[in-house]
Amino acid sequence: MDGRTPFAGTALQKAVFPNKLLPYLLLAPQVAITIVFFYWPASQALYQSMLKEDPFGLKSQFVGLRNFAQVLGDPDYLNSVKVTIVFSVSTAVLAMALALFLATAAEKVVRGKGFYRTMLIWPYAVAPAVAGLLWLFMFNPSMGTFAYLLRSAGYRWNPLLDGDQAMLLVVVAAAWKQISYNFLFFVAALQSVPRSLIEAAAIDGASSTKRFWTIVFPLIAPTTFFLLVVNTVYAFFDTFGIIDAVTGGGPAQATQTLVYKVYNDGFVNLDLGGSAAQSVILMAIVIALTAVQFRYVEKRVHYA
Amino acid sequence: MIEKRGIGRPIAHVVLILGVLIVAFPIYYTFIASTQSLTTILRPPLPLTPGDQFVPNYSEAIFGGIGRIGGVDVLTLLFNTLVMALGIALGKIFISILSAFAVVFFRFPLRMLFFWLIFVTLMLPVEVRILPTYKVMVDLGMIDTYAGLILPLIASATATLLFRQFFMTIPSELVEAARIDGAGPLRFLKDILLPLSKTNIAALFVILFIYGWTQYLWPLLVTNDNQMNTIVIALRKMVSFADADTPWHMVMVTSILAILPPVLVVVLMQRWFVRGLVESEK
């Protein structure tokens, strides 16, 4: 196989068709959709982020970078940054740790491998908003069975009022959905660790725990790092449904992530300039994360 | 061999079984709830075995219509969601194959510019540009239409890159042979390239179908009409914690029906799913 980077192999001599017009026709659908639904709105976001609109949307005024200054100086926004970091890191760590644990177990068994895999991968297909609803249903204070059990055990459980408990609930729901994905990648990574290395260590008397941390874990580090980036992106963007379904950003903004705030400020509070400025900041974050990921992908090709 | 003896393997089984239980439990619990009457659900703890309301609950949801979301029945919701998921999956595959084909098998002015134009979109999920994209939809009159649900989510480069990578592994000899035999580019695409891409298309289809089925933020914005809701959105609208009359038994039935189709796709097309996941993300 050739490289995984998007540009690998462009120098390759390739037999081509000599048509002049056809390639443009072939490209037309995708380019048209990309321009209308991507470049146009993205440039609108950039433009809007420098405007200040009155609440009725009647007049707008060019204010330069003032929206950005306002957003970055807003304690609510900074709180939202903090919430996003706590949420993303917790979700990624929880989902990856559980998945790695299960994947190492799956490596050991001989019988039932296929069965376990099937049973572990299907939460991937559950929509985030539905996942959120299910967890909320189990843990909501008025009729959730688990909330009932927690209360019977004397624990004060109310995620609708307590910010930390709300955060815990969205993290668990978000991580639950992501286990399948991480599990598949960890299984693939573990299979690529050479058996001979592990056997040699076993002959030297290294315990299975020691073998894991000194040989297996360092060898699967590239996958771990890749998953860290993917899980972070997931926690940033794909969890909007979970948060909207479980907490709606509350209580008292305790679970208001950056994406949720873009939505909330733009569609609920109708602060168009501020919301657009936040969009632009988010775009910058995504581009940075993607760049990190691509750098890593190049290394990985080298490694494999 | 290592660990033939010892207790490693039984422990691994125990760990996996626990893992499966944790992963599967929320769904099982939902299924249990979907077979209970509303009064049973409102009085925790819920029993751990199915109740006797399976037939009445499901038939009410599927055929009767749910008052909370404007009397729309679940079949309509499932149909909307299916149209959206299929539209996104097939639409993306279609435009991606064409553009990847153009970029790999032709040389023309501005080729790399077009490639970059598409490639950049890889980086930005629709979530970060929702408000302006929403405005574009309003301007184009695409609110409450299937096109509005589908088209903006097709504008992404992942599938194009995937096909491009695969096309570049096609040996030049194949192209030359086709040309010598007098096959034009479209003939080559149809008779040689598409059959060779079958597994890639299947893998991508599974991933994109699930992506489309599970969308939330976008359908929430572009559908106002209850008749146009996807099942996930309708589900969200049915639930309210502020007041006591959320029809929880209906919510649970709808959840199960929302989960079932994509789960079946994943389980039945597991081989392509795993392949698609690993390939499209690398």
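The one to select runs between chains, from B:Arg236 in helix 13 (residues 231-238) of chain B to A:Asp244 in helix 11 (residues 240-246) of chain A. A salt bridge here is a side-chain nitrogen of Lys or Arg within 4 Å of a carboxyl oxygen of Asp or Glu. For B:Arg236 and A:Asp244, the closest N and O atoms are 3.5 Å apart. Between chain B and chain A the count is one salt bridge. Helices (H or I, at least four residues) are DSSP runs, numbered from the N terminus.

This is a predicted model: local features need pLDDT of at least 70, side-chain atom pairs count only at pLDDT 80 or more, and totals for chains, interfaces and linings use all residues. Residues are numbered from 1 along each chain as its sequence is written, chains are lettered from A and ligands numbered from 1 in the order in which they are written, and side-chain values use heavy atoms, with hydrogens and water left out.

Now show both chains. 116 residues of chain B are in contact (heavy atoms within 4.5 Å) with 103 residues of chain A. The area buried between chain B and chain A is about 10500 Å². Carbon and sulfur atoms give 77% of that area. Buried area is the accessible area (1.4 Å probe) that two parts lose on being put together, summed over both.

Next, select helix 4 (residues 74-105) and helix 10 (residues 185-196) of chain B. Their axes, lines fitted to C-alpha atoms over the stretch in contact, come within 12 Å and cross at roughly 110°, on a scale from 0 to 180 degrees between N-to-C directions. Helix 4 and helix 10 of chain B are therefore roughly perpendicular (65 to 115 degrees). From helix 4 of chain B, the contact uses B:Ile97, B:Leu98, B:Phe101 and B:Phe105. From helix 10 of chain B come B:Pro185, B:Phe188, B:Leu189, B:Leu193 and B:Leu194. By class, this contact of helix 4 with helix 10 of chain B has nine nonpolar, no polar and no charged residues. Nonpolar covers Ala, Val, Leu, Ile, Met, Phe, Trp, Tyr, Cys and Pro; charged covers Asp, Glu, Lys and Arg; the others, Gly among them, are polar.

By class, the contact of helix 4 with helix 8 of chain B has eleven nonpolar, four polar and two charged residues.

Definitions and conventions: Helix = DSSP H or I, 4+ residues; strand = E, 2+ residues; numbered from the N terminus. Parallel < 35°, antiparallel > 145°, perpendicular 65-115°, else oblique.
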